Amino acid sequence: MKLSRRTTAAAAIAGAAAIALLASGCSSNGNGGGSSSDPITLTVTTFGTMGFDKLYSQYEKEHPNVKIKATNIDTGDNALTDWQTKQAAGSGLPDVQAVEEGWLSKVMQVSDQFNDLKDYGADKIKDRWVDWKLKQATDKDGRIIGYGTDIGPEGLCYNGKLFAAAGLPSDREEVAKLFGGENATWDDFFKVGEQYHAATGKPWYDQSGFIWNAMVNQQEEGYYTKDGKLNIEDNADLKALWSKLAAGAKAGLTSNQTQWDWGKGKAFTDGSFATFVCPGWMLGVVKGQVEAGGGDAATGWDFANVFPGGAANWGGSFLTVPKQSKHPKEAAELAAWLTTAKSQVETFQAAGTFPSVTEAQTDAGVTGESDLTKFFNNAPIGQILGLRAKGVVAQYKGPDDSVIQSQVFGPSVQELDSGKADGDQAWNNAMKLLDQLVVNK
């Protein structure tokens, strides 16, 4: 089970006016504007769907001395492996390295190997981001090592055509009420799923891994306590949620799909499941999967302002400048430029990545129409994500958080979905893997 965010590419949207506004933000204070006229090449490593492609071209036009060589890795898990390998080798890291929230804590263990962006103007632009985003990227010595890209407030994607065929409401406001609105619970989610399954004989959601991930992310403390201790084996709250997940799988609510594949997108178009958990960045993934499976907006996917269990955040990334960079000042300027409000508006329009920059969150480019809103039955995606972001608090992610997600609970989730183990067996198997793979220090 790979719980890394983003796997599909999306096309960015930009206009001449946006280019001019982006350029106007460039200066020597960290918003852009290289200080050297000598040609340089800046390397950038990202992963999944971040929506930067058109921005790279814009930056090169505004900075003729800069060429950008971008590498995009398919998933966050693979990007973590790539970073760890090059970090350990002491060479090979790019000038700008994207870091996922799930492995930021691991990066923080070697934060001295990253440039302090305060040396390149971070203090002058630190009010750009929501408070908790900036705090996440500030190490114990007060060094800011990353500029925030997006955050991942979660709403519910659902297929309106499948809902209607099952006798359920398909209007997004009615769908929100169906699950309990602001008081929506996981019990409500599974109960409606049982109704859908009884009416259609079909699964309710794609697979249990993403459901479990959302459940964990909603807790005040997840796999780790705030002071960095493992928080799993005797965690009654997590065990109770695991039992709900196991019951859902036993009831036939899971489609047992392969994460980040979904039959090359076919499962999104052939009625294999009717609901899907969606942080903002996942909307671009859904659109890409539907199109890969031969579908389009007429397939019926929609987006509702509701989420079982309340506010949840999944994902969100940062742009860092490793000390291996030969051009740290120019790299920091590029990272700052890629995370201006205008840039975040454009990446949102490209991939649904909801801005961590407060000014961008209320921009018409986020709250208004876009290719994504048209695809999701004209859902006001930016407005919904803004509402879903309320109440989100950054959960502390420990150094092995991503390992626990993918390698500890991953196999156990697959056991649940395939029917090879019941809830207790699968939980115990996960605890054995935890002992083998994670050192509790």
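A: **Helix α20 and its two partners**

Helices α19 and α20 run roughly antiparallel to each other (over 145 degrees; under 35 is roughly parallel, 65 to 115 roughly perpendicular, the rest oblique). The model is predicted: local features need pLDDT of at least 70, side-chain atom pairs need 80 or more, and totals for chains, interfaces and linings use all residues. Numbering starts from 1 along each chain as its sequence is written, and side-chain values use heavy atoms, without hydrogens or water.

Start with α19, residues 401-418. Its axis comes within 9 Å of that of α20, and the two cross at roughly 155° (lines fitted to C-alpha atoms over the stretch in contact; N-to-C angles, 0 to 180 degrees). This crossing is right-handed (near helix turned clockwise from the far one by less than a right angle). From α19 come I404, Q407, V408, F409, P411, S412, E415 and L416. They meet G423, A426, W427, N429, A430, M431, L433, L434 and L437 of α20 (contact: heavy atoms within 4.5 Å). By class, this contact holds twelve nonpolar, four polar and one charged residues.

Now turn to α11, residues 236-250. Its axis and that of α20, residues 423-437, come within 9 Å and cross at roughly 130°. That angle makes α11 oblique to α20. The crossing of α11 with α20 is right-handed. On the α11 side, L238, K239, W242 and A246 make the contact. On the α20 side, G423, A426 and W427 do. Here the classes are five nonpolar, one polar and one charged (Gly counts as polar).

Conventions:
Helices (H or I, at least four residues) and strands (E, at least two) are DSSP runs, numbered from the N terminus.
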